[in-house]
Structures are given as C-alpha cells and as structure tokens.
Amino acid sequence: MAEKIGCFVCSGCGIADAVDVDTLVAIAQGEKKAATAMCHEALCQKEGLELMRKEIESHGLDGVVVAACSGRDKSNEFDFENVYVDRANLREGVAWTHEPGHEDTQMLAEDLVRMAMGRSKFASRPKGEPVQPNNRVLVIGGGMAGLSAALYASGFDREVVLVEKEDVLGGFANHLHKIYPKDMDLRAYAETDLDGLISRVAGEKKITVYTGAEVGRISGAPADFDVTINQGSDKINLKVDTVVVAAGWKPYDAAKLGHLGYGTTPDVVTNVEFERMAKEGKLQRPSDGKALESVLFVQCAGSRDDNHLPYCSNVCCGASLKQITYLKEANPQTACYVIYKDIRTPGHYEEVYKKVQKTGALFIKGEVESVQKGAEGGMAVQATDVLLGEPVAVEVDLVVLATGMVPTTLDTDVLNLTYRQGPELPEREYGFPNSHFICFPYETQRTGIYAAGAVRMPMDLASGMDDGAGAALKAVQSIELISQGKATHPRVGDLSFPNFALQRCTQCKRCTEECPFGALDEDIKGTPKPNPTRCRRCGVCMGACPERIVSFDNYSINSISEAIKSIFVPDEFEEKPRVIALACENDAIAAIDMAAHNSLRINPFVRVIPVRCLGSFNIIWVADALSRGVDGIMLMGCKYGDDYQCHFIKGSELANTRMSNVQDTLDRLMLESERLRQVEVAITDYDKIPQIFDDFLEKLEELGPNPYKD
Amino acid sequence: MSSKHTSVLVVGGGMAGVTAAIETAELGREVFLVEKTPSLGGRVAGMKQYFPKLCPPYCGLEINYRRIKENPRISVLTSATVEKIEGKSGDFSVTVSVKPRYIQAGLCDPKKPFEGLEATVESEFDYGLGKRRVVGIPHEQAYPYLPVVSESALGNPEIRKQLENTAGVDLHQEPKTMVLKVGSIIWSTGWVPYDASRIGYLGYSRYADVVTNVEFERLAAVNGPTGGKLVRPSDDRAVKRLAFIQCAGSRDENHLAYCSSVCCMASLKQTTYIRNAVEDSEVYVFYIDIRANKYESFYRTIQEDKKVHFIKGKPGLVELDPASSDLVVVSEDMESEKTVRVPVDLVVLATGMVPATREQKVPYDGVSYDEFGFLVSDPFTAAIIPAGCVKRPVDVAASVQDATGASIKAVRNG
C-alpha cells in the first residue's frame, strides 16, 4: 500500500491544449489527498525527471502517479527506486483522441487522474523473493537435440544431468545410414556430426550422463525440483532447477498400414527399416536376398491422412530422396519410383531433390490403390496418377513406406510431474506440447520446462540440434530469472507474485483448476498450495476467486475496485453515461494507443482500465461498477478458442465464462445483462476502437441509465 | 573461455535479432542491438498476419518491446550500421555508424510540431506502394516511438527548405561513429524479397497490378496504403479475382535454385485475406508442390474452400487484356494437360527470400557463405553466429527458434 503518493501532471505533447491541467493538480491534491502534486511541461525530459526525483526524496513518496503519456511509453524514464509508479494516460487517452477544451474531455482527464490515484492507494512496488538455485539442468533424452541441449546448458557454474532411456547416447540418429546434411553434401553444415557431439558431451565435466535410465518422478517447482531417476533397480535422487524435454519421436506404427501391404510380406518395409538395411549393407529383397533392381517409395504413408497422422512430418520426402541415392550409388540402373502428394523439400533440401531427379527416378503425383504379391515374385503396386488421371501398375522388388514421426510423449509419460494438473506438458495437438509456437516457440504451459527436437514438432536433425540450443538457453535463463524472484515469459522480470489470504479460502478449487500453468497444487481439503516459482503472474487465480483472497502487491481486486470507485458518475439528468472498459494491457490497450496515434476520435464517456490479462477479471468489479451507477462494463481481450491469441493461454476465455455467469445473475435480478459486453480486440484493430465504444454506448442509451445511479 | 568482453552485439533488428537480443540480455549479458532502419521489427512489422493463427505480428512484438524497455542491459541503436569488425571471439572492436534522426534533442512531442508539414515521400515501409509524411513516427508500433526525418526527403531542395523552417527539426545533425567492445556477435540481418522485375514474363515491371507477396501484405494491412481495402494499385478497382503464382523465381536455376520454404504458407494465408473480406471472391493458386510442411491442417481448410482453385503448373506469361483491363495468367495445367488462360484483377507473385548477406557481407575476414549467400558456420567455434534467414530460408517461428539458440552460442563462444 502506497501511503505517500505524489501526482505529476505533464502539460506537454498537447495535453495542456486539451485540458485544464491546474484543475487536475488540484483534484490530486485536494480530493485524492496527494502528498504533493504539480505540473511540468515535459516530465520525461531531464528537468522533469529531476523535479520528480527531488519531490520523491523530500516527501518520502512511495507511490507516484505520472499523468502524462500512455504507460506503454517512457516506462524506463518513469521508474524510480522503491517507488510504485502508476500512469494516467492523458496523451493518447485524452489529448490525441478527444475534442480539446470540451467539458467531457476535461471530465475524462479528471477521472483518469482520480483512477490512478485510487489504484495507487492499494498498490506498492513488489520486492520479489530471490531463491537459491541448484544451478543444475535436467535434460531428458540423449538424441541429437538432447545432446545439444546438454552441451549448451553446461558450463559456467551450471551442471547438467542427462537421462537417456537406451544404453547408448545418440537417439534415432544411431539407426541412420547417412545423416542430413552432414553426409549428404549439403554444403558445409558441420552440425549433424553425431560422433563429434557425443564425444564433446563425454568430455564435458559438468555433464553427468545416465543411460538405460528414465525419470521416475519430478516434484517441487523450478529452482527446487526433486527428481528421481530410475536406472535399472537403482534410484537416484537429485535436485534440479529446470528441465529440457528432448524425448524424441518414434515412427508411426506401420502395422496400421495393412492397406499398403505392410505385414503381409517382408518385401514391404518402412523407411526406418530400409535405413537399417542400408546401414547393414543389405540392399537386397528381404524375402529371397535378390539384389534390388526396382524400388517404389510411397510418400505420406499414414501421413496427411485423417485415418492416421493428419499432419506432415516434414522429413520423409528428404529421407526417401536420401534413400534413393543409396540405391543409385549401389547400382545406377536400379529403377526407383516415388508416389507422392507433394514433394516437400524446403530450403537447401531442394538441391537433393534436383540431384535425384537427374538420376532418372520417376516421380508420380498420385495415390496408391493396392500393394499385392506380383506375378513375377515382386510386389505389384496399383496407383492412380492424379495428374494424368490414369492408372499406374508396376511390379517392383521392394516397397518402402515413408512413415511419419510421432512424438514419444503421445503415449508415454516422460516427466512424471506430481502436479495437480497432470504429469506431462499440456498438449496442443497430436501429442506435441502447447506453446505460442509462432513468436515464443519454447514457452510451454509449465514454467521452467522446455521441449526441444522432434518431441516439440517434427523436424530434421540440423533443426533438432539448433532446437536443443534454444531450449538450453531458456532452461538456463529461467534459472537466472527465477533465482532473482523474477517472472519468466511473458511478464519477464515481474517481481510480484500472488498472495493468498488462505484463512478466508473456501476450498472451491477454482484457482487450482483454472491456473493455465499448473502453478497451484492442493492439500487434501482442496486448499491451494502456491508454488511461486511456477507462477507467471497472469492473475487468473485472482479473477477466479469468489472470496477475493488473491492479490499482488502492485495489482489487486482492491486496486482496480478503487479505480472504479474513483470515477465521478454524474446523475441521470446530466445525460453523461459512464462505461468502464477493462482492457488487456498487451493488445487492447496497445490498440487504443494506436487509435490515438492515428488521431481517431474516441467516445468521451468511456473509462479505460488496463488489466494484466482478461483472465484476472473478477466479477466483484461488475458489482462495484453497477452499484456506483456506471452504465456499462466492457471487457476487451484477445481472441479465444482453437487459435487463441491470449498469451496466458485462456484468460479471455475464462473471462467470458465468468461474464456469462454474471449475466445470468443480472437477468435473475431483472437487471439488463446487456450492460456487460466482451469484445475480442486484436492489437491491430485500432481502427475499430471508436466503433466498438460507440456501438456499446448506443446499446446503453437504448437501455436507459443504470437504475442505481444517484 | 577467458573473454575480455562478455557483451554481445546483435546486428539486425527484425524478429530474429530482437529475439536474440532479448534472450541474451535476460540471461544477464549486456547487449547492443544494431538496426539499420529507424525502427525495430524488420519484415514482420509490415505484415498483416502470421500463419497459421492469422494473428497480428504486432502482438508478439509488443511483448518483445516491453521486454526491451524493461531491460536496462539492452542498448538499441537504430539507423545504425556496422562498418568494421576487428579482433576475435571474446575481444571484438566493432565500428558502428549511426545516422541522425534530424529531430531536435529534448523535443518530446512526437506529433504536433510536424502536423503542419504536409509534404510526403515514397514509403519504404509500404514497398513504395504508398506515401508517408517526411517527418513522423515510422508507424503505429515503431520502436523507438520517436519521429524521424525521412532520408529520401533530404535530397529534395523544396522539401528541405520546408524542413529547415519547421520547429523541432534540426538538419545540422551529423552521423556519429562509435566503437563497441564486445565478446561475441550474432548476425541476423534477415532477407530481402527476390527482385521480381528479373522474372520478366510474369509482368511485374510492366503492370502495376502484378505485385509481390510482401507488397500484398501491405495492401491488406489496415495501416497500409489502402487502409486494408483490397483494390488494384493501377485503378483502385476492387479486387475480386486473385491469382497467386508460387515459386515465382524460386526452385529455378535461372533465379533462386532453392525453396524459400515460407511462400506456400504465405500464399495460403493471403487467400484468407481476400476470401474473408470479399464475398464471392475467387482465388487461383498456380503451384508446383504445396509445401505446407508444418501446418497441413491450415492447407486442408483452404482446400475445402470451393472458391480457391489449385492449378498444378508453372505460368509462362502474364498479359493484359486491354478491353477488360484484366490481367490474364497463361499457364500449363498439368492435370488437364492443357494451356489455361485465367483472367484476374490482381496477380501476386510468391517470390522467395534472398539472404541479406548475399549483397551485404559481414565486414569481417574468415566468414564463409554458400553459393546463395547464406552464412555457413560451425556452431561451436563460429566467431560470427548467424541467426534466422541469413542462415536458412525459414518462417518466423523457426527464425525465433534459431535466434534463441544463437543467443546461447554467443554466450558460450564469446
């Protein structure tokens, strides 16, 4: 709780042209009881900042309201040691978007100052709680990605524990005859040198390797995980800070590909089996040992197929091309056929495709109809050439099915977390872990646990190695952040974390169920057991709690309630309705600022309140607003559903559920539920902002003033 | 490793560079991020949406910019280029030249002082399809959020005169040179679109209504030259029929021999721009293979749209029908084995990515490139660590992935 709050009003950037700044100072000082309040023409410049520092010192301020530009701008400048800083957005929120000198514009500015002062009364600068890390990373999986992760995460003061379930390191690459791109003449990538990688890992003193071992259990939280490793009958217990999951993949189960002839004869093999044949130097027909003279490759065998794997495994086209080179190198006369949907050789892999095309291999865009024993002892393949619309019939010595990749984690637990919300990483689809896979591909829903390699998404070995490096970075970086008491992505550096006033808890379990990051466990009665280092500080628990027992030092039910209660609500005869817009601070707030950048006119009856995430929306705020005579409440958050854009996974979705519940209650109380509205606002929807507000105000006008108005 | 300097230099402030800088700084290292334009964000800042989520790039950039603002370890240098690199891993001296913004020091109002100045120049951010004011903040989400005088305006004597009389503008500012001492260097200068004018038969230089995929992003973007309305550059006619020509200059020995790996998904995404906005619109996609490797289900959804027609074939000509002012795409259709002529309003060439390092080499001896200009390096010993599209042609997600890995390489190698 800030006790001595100063208010500094900036008159620059057109603010003084739009509003009477002296009145704002007077309101802060009089009505809102600021310890000090004053105006300056350019707060963000040297002189303005010096003035603020002086005032902070002479008055012993622990809270400061900067009534100037948007909180998105100049956050570095307006940062003072040990002082809680709040912002009243007079530039983007008033001067750039409202009619200068108008009475409604002035009222808006006054409210923004009142709201920031109100919030500050219930907020303080968080201090954070540093923890002592073990400086140890656990890497699960000793394939290319895991080896790479182990190598990069080790060093400096950090140790790595590498757990591999097989008896040797190397993972799937051990089974390959040749490795892309190292052995395939794809210019100068030195990266996929498996032996080199293994010997580097062996030479690194900070890495401890457990082979023939699995993780039996992980309990605790980042910077304090207790891990049990099962190695044969031995159990090894140790402490780690963070985890990289590089558990790899397995081939799609070819037994399900009977329609392509698999299982009926040894002369239909998978690409994995063919690789082994090549590695063993046995390029012969399995049934009788005849030298191979003709081979047909079926691409997408069980891939891009709703009955099997709906996705593309990304590497199988390249793999078949590589395998054709084995055949052509052994005997250039070998007839090679490829039945494909699309040949997918991104980037430099295109060169291999071109090279193989020149060997005379025949590529047929088509669908395989049947694979049966042929008249001449080979396999008779019937297919349709979809380009020519003609049937193709060919008898070959061997059929190779290019099967895809399935993440190990689809049906195998590898982490075995003792979390209330389950033992593994929540998945996005097909067994791959959920993340914001475009902008923040490593961010899983479990803090301090990062996936790498083919367990994260289908990828080739070179990408797997790079991916291991990326996950290692995150694993090491999160130790750094967490040990300082800081949040990891996306609120990186945030020192606040939720306090639970547990004596008032009614064990309803909403918080433990809704936390998107599995941060909360439960005791037997259902009381939440917070794990601060698992927390991402989104405030979903704060929004969920019906008893309102969750709060952050710098963000709480009370601070927002006080902002709402600080709004001056004119009586109904003044015909000045009031709307509160609770807006996601990453996207909706930015969109409103961008509307201001473009000088769009915004309805002056709306009072915008930034929220960490719409998931932190607590229904008590509706009661606060309606009982004060506010006419409408708007929730502005991210798109939700399958292609959700919320950076806390489902904040806006949870807010929507809560809002629907309140609407039901309002209906029962014969109050208009239309006074509540949620809109999905993308950050680039700035052009729609004026309309969004106007539409809502229009609806409220239809409904008439809030009956609770004075 | 005993390094003299532990700070890291990141060159190029697009998605890869921004990521590398932040990830490295959040690991506790000092970082200098050098970007040649006046704002960070690179190519993605000009895009309407990402595939496959159809979410705006500004959203992720917003989070990243906040991470930069809150991290005192990152120094961002915009309008800056690296002139010279000397030394070795652990002990580099890097000469950086920084161009002025020509805005008076201490001026905080980024808008008002320049409102009277109406003159415009061609907007590079819009690939020349639109105009921008000669002074202003580059775009809604520019970082840093500061005005800049457009360099191209300085050559125009008349505009120069107006600028001289504008309060807040200071044309006497000089470029500055500084020497940075760093331990390692991440090179993430990104890519440039392949020059479509070199594919003469596709009509890019002849017809204003043949545009590239990056230009089409600007035409569809709400902050683009048309405010997001899909109209033809030549005559403002609403676009209803649209053709995408895949592999325009890609997988082609005469142009780019490799596959840029993103153009198929980019075009599939762009079909949604018109299909979601224009009722009864028709889209034709001319392709060799559809390479939707990572996002098959997105491709599937587009395939189900009866108004999107996929034609396997390589167009040989784009010509104008003077009577209707339609553009006509002439192509083989491998399915019917016939030549098809498809009249459309606008043609989008799905051009590929050329690594920026093909033309702009790293000013340091001992850096190697492949025949296409991509950087080639050893991950454990490289003095200059590549990240993103200077290494391989990749999408945003893979670029971020690579940049994150590059950060730990920089910390270890340096």
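Of the 710 residues of chain A, 58% count as buried. A residue is buried if 20 or more other C-beta atoms lie within 10 Å of its own, exposed if 12 or fewer, and partly exposed in between, with C-beta atoms placed from the backbone. This is a predicted model: local features need pLDDT of at least 70, side-chain atom pairs count only at pLDDT 80 or more, and totals for chains, interfaces and linings use all residues. Residues are numbered from 1 along each chain as its sequence is written, while chains are lettered from A and ligands numbered from 1 in the order in which they are written.

**Exercise 1. Describe chain A as a whole.**

Step 1. Take the extent. The C-alpha trace of chain A spans about 100 × 60 × 55 Å along its principal axes.

Step 2. Take the elements. Chain A has 18 helices and 32 strands. Helices (H or I, at least four residues) and strands (E, at least two) are DSSP runs, numbered from the N terminus.

Step 3. Take the contacts. Two residues are in contact if their C-beta atoms, placed from the backbone, lie within 7 Å. Among the contacts in chain A with a separation of 6 or more, 70% come from residues 24 or more positions apart.

**Exercise 2. Work out the three-stranded sheet of chain A.**

Step 1. The order is β24-β27-β28 in chain A; the sheet is open and the pairing antiparallel.

Step 2. β24 (499-500) and β28 (555-556) of chain A stand at the edges. One side of each is left without a neighbour in the sheet, because each has a single partner strand.

Step 3. β27 (residues 550-552) of chain A pairs with β28(A) over two bridges. In β28(A), A:Ser556 is the bridge partner of A:Ser551.

**Exercise 3. Locate the backbone exceptions in both chains.**

Step 1. Look for cis peptide bonds. One joins A:Tyr180 and A:Pro181, with omega about -20°. A:Pro181 is in the loop between β6 (159-163) and α7 (194-203) of chain A. In chain B, the bond from B:Tyr143 to B:Pro144 is cis, with omega near 0°. B:Pro144 sits in the loop between β8 (135-136) and β9 (148-149) of chain B.

Step 2. A:Lys74 has a phi of about 60°, in the loop between β3 (63-68) and β4 (84-89) of chain A. B:Leu54 has a phi of about 55°, in the loop between β2 (31-34) and α2 (57-69) of chain B.

Step 3. Is each buried or partly exposed? A:Lys74 has 21 C-beta neighbours inside 10 Å, so A:Lys74 counts as buried. B:Leu54 has 17, so B:Leu54 counts as partly exposed.

**Exercise 4. Characterise the side of chain A that touches chain B.**

Step 1. Count the contact residues. They are 63 in chain A and 59 in chain B.

Step 2. Name the elements. α10 (349-357), α11 (461-483) and α15 (588-597) of chain A give two or more residues to this side. α11(A) gives the most, with eleven residues.

Step 3. Sort by type. The side of chain A divides into 30 nonpolar, 18 polar and 15 charged residues. Ala, Val, Leu, Ile, Met, Phe, Trp, Tyr, Cys and Pro count as nonpolar, Asp, Glu, Lys and Arg as charged, and the others, Gly among them, as polar.

Key. Pairing = 2+ DSSP bridges.
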